[in-house]
Amino acid sequence: MSLPQPVPPSWKDLGKSSNDLLSRDYPFSGTSLEVKTKTPSNVAFKVAGLRDTKTQGIIGDLETKYSDPKNGLVFTQAWTTSNVLRSQVELENYIAKGLKLDVNTSLIPDKGSKSALFNVIYKQSGVHTRGAFDVFKGPTFTADTVFGRDGFLFGAEAAYNVTEGNITRYSAAVGYNAPEYALTVHGLNNFNTFSASYYHRVSPDVEAGAKAVYDTKSTTSGVALEVGAKAYLDSAAFVKAKINNSGVLALGYTQTLRPGVKASFGLALDTQRLNDIAPSGPAHKVGASITFDA
């Protein structure tokens with residue numbers, strides 16, 4: 001079961017329990033297959049594919065990851081069907097305890113597009129801090145931090161454009177985590193968007209959550225509201241349901257077929273268009289996801 005984290009690794013992870021409850025395990029956007037394997041020499045392979053219901057397109061990627069736990073080194077290389085080459089090198093607790101260095105690069109050869117992001121992360125029991133430098137975008141320096149004490153959490157982020165010499169983005173979040181519930185409030189996009197989320201572990205087998213979002217720049221007035229719940233049927237299966245104020249009802253069912261094999265099924269219904277004979281666009285969605293992890 002998902003439990004609130006005392007101090008999340010990033011300010012964006014404040015409210016993660018609620019976000020996971022309302023967003024994960026609803027595979028109604030298409031049909032996906034994911035296969036993971038690992039060798040005795042600490043090399044892991046992952047192949048993933050998705051057939052998108054809306055575009056009818058098929059996308060996939062192949063990922064290889066090498067881990068050296070003794071030295072805190074992880075190297076990841078991925079290649080997608082969009083011909084995107086992604087690389088990541090992570091080095092944790094090697095230079096100093098709690099310090100992690102992370103380099104992310106991507107390249108699209110046929111378009112000549114490239115990106116490089118350098119991250120420095122420092123974490124201790126009550127604080128997580130990150131600095132990121134985007135070489136080709138700006139260049140831009142982004143810093144974020146999360147403090148936690150006695151269940152109370154505070155996080156903030158700011159992005160600084162080195163070339164223009166100004167702050168381009170800032171956000172903040174506050175929250176409170178208890179063993180059975182969590183409350184979080186975010187101020188996003190230069191405090192133009194505000195969100196509040198709630199997560200409650202009602203019992204060992206039932207979880208509930210809600211999220212409200214208000215965008216001051218939105219052309220449509222009002223608050224976007226979404227509520228959901230999760231119930232464990234047994235140790236190998238659970239169901240999820242959520243509904244938003246637009247009338248879209250989503251259902252999810254996940255079953256562990258055997259150790260390392262998991263199947264998920266999702267359904268989204270637009271309850272305001274149930275009686276439409278020929279609705280414009282896809283009013284309802286259905287999908288499935290199968291994961292093999294050996």
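These questions and answers cover ring pairs, charges over rings and salt bridges in a predicted model.

Local features need pLDDT of at least 70, side-chain atom pairs count only at pLDDT 80 or more, and totals for chains, interfaces and linings use all residues. Residues are numbered from 1 along each chain as its sequence is written, and side-chain values use heavy atoms, with hydrogens and water left out.

Student: How many aromatic pairs does a search of the whole structure find?
Tutor: Rings of Phe, Tyr and Trp (its six-membered ring) pair if their centres lie within 6.5 Å. Planes under 30 degrees apart count as stacked, over 60 as edge-to-face and the rest as tilted. The search of the whole structure gives four.

Student: Are the rings of F152 and Y176 stacked or tilted?
Tutor: Their centres are 4.7 Å apart. The planes meet at 55°, so the pair is tilted.

Student: How many residues apart in sequence are the parts that F152 and Y176 tie together?
Tutor: Strands are DSSP runs (E, at least two residues), numbered from the N terminus; helices are runs of H or I, at least four residues. F152 lies in strand β10 (residues 152-161) and Y176 in strand β11 (residues 166-177). The parts tied together are therefore 24 residues apart.

Student: Is F152 buried or exposed?
Tutor: Buried means under 20% relative accessible area, exposed over 50%, partly exposed in between (1.4 Å probe, protein chains only). F152 has a relative accessible area of 55%. That makes F152 exposed.

Student: Which residue lies over the face of Y26?
Tutor: A charge sits over a ring if NZ of Lys or CZ of Arg is within 6 Å of the ring centre and within 35 degrees of the ring normal. Here the distance from the ring centre is 4.6 Å. The residue is K242.

Student: Which residue forms a salt bridge with K242?
Tutor: A salt bridge is a side-chain nitrogen of Lys or Arg within 4 Å of a carboxyl oxygen of Asp or Glu. The closest N and O atoms are 3.4 Å apart. The partner is E226.

Student: Which strand holds K242?
Tutor: E226 lies in strand β15 (residues 224-234), so the pair ties together parts that are 16 residues apart in sequence. K242 lies in strand β16.

Student: Where do K16 and D20 both lie?
Tutor: K16 forms a salt bridge with D20, with the closest N and O atoms 2.6 Å apart. The two are four residues apart, about one turn of the helix. Both lie in helix α1 (residues 16-23).
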